[in-house]
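Please look over the sequence and the structure below.

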Amino acid sequence: QVSLVESGGGLVQPGGSLRLSCKASGIPFDVYGIGWYRQVPGQQQRELLATISAKGGRIWYIDSVKGRFTISRDNTENTAYLQMDSLKPEDTATYYCKALNPNRGDHWGQGTQVTVSS
């Protein structure tokens, strides 16, 4: 049974930091890329923020988070991370990870809420 579990969300003040984790089970983690997405209430689309390839050698960020967010992974722990620094109120959203593999199918986590507010 495939499971992706995000954790690390919460309430943080503007300028603060959070580290999100995405723990996977039931899949060969090191053959899946990982994407971090977020969704704002009222918006249907989830916004892709960052991706990391299966072995970690290729990383991509959307411009709005470049220099503030850092994606990483530890394949020995079947876990991916999103370090978020210099958080802004507009970063408030539900954050999701997705395991990506065009041959094996994709898998979503359940999401973790991030609220940036003073």
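**A loop residue and the sheet beside it**

Arg 68 sits in the loop between strand E6 (59-61) and E7; helices (H or I, at least four residues) and strands (E, at least two) are DSSP runs, numbered from the N terminus. This is a predicted model, in which local features need pLDDT of at least 70, side-chain atom pairs count only at pLDDT 80 or more, and totals for chains, interfaces and linings use all residues. Residues are numbered from 1 along each chain as its sequence is written, and side-chain values use heavy atoms, with hydrogens and water left out.

Arg 68 counts as buried because its relative accessibility is 11%; buried means under 20% relative accessible area, exposed over 50%, and partly exposed in between (1.4 Å probe, protein chains only). Leaving aside neighbours within four places in sequence, the contacts of Arg 68 (heavy atoms within 4.5 Å) include Gln 83, Met 84 and Asp 85.

Gln 83 in E8 is also the bridge partner of Thr 70. E7 and strand E8 (residues 79-84) run antiparallel and are joined by six bridges; two strands pair if DSSP finds at least two bridges between them. Four strands make up an open sheet with antiparallel pairing, in the order E1-E3-E8-E7. Strand E1 (3-7) and strand E7 (69-74) are at the edges with a single partner strand each, so one side of each has no neighbour in the sheet.

Ser 117 is in the segment after strand E11 (112-116). With 37% relative accessibility, Ser 117 counts as partly exposed. Not counting residues up to four places away in sequence, Ser 117 touches Leu 11, Val 12, Gln 13 and Pro 14.
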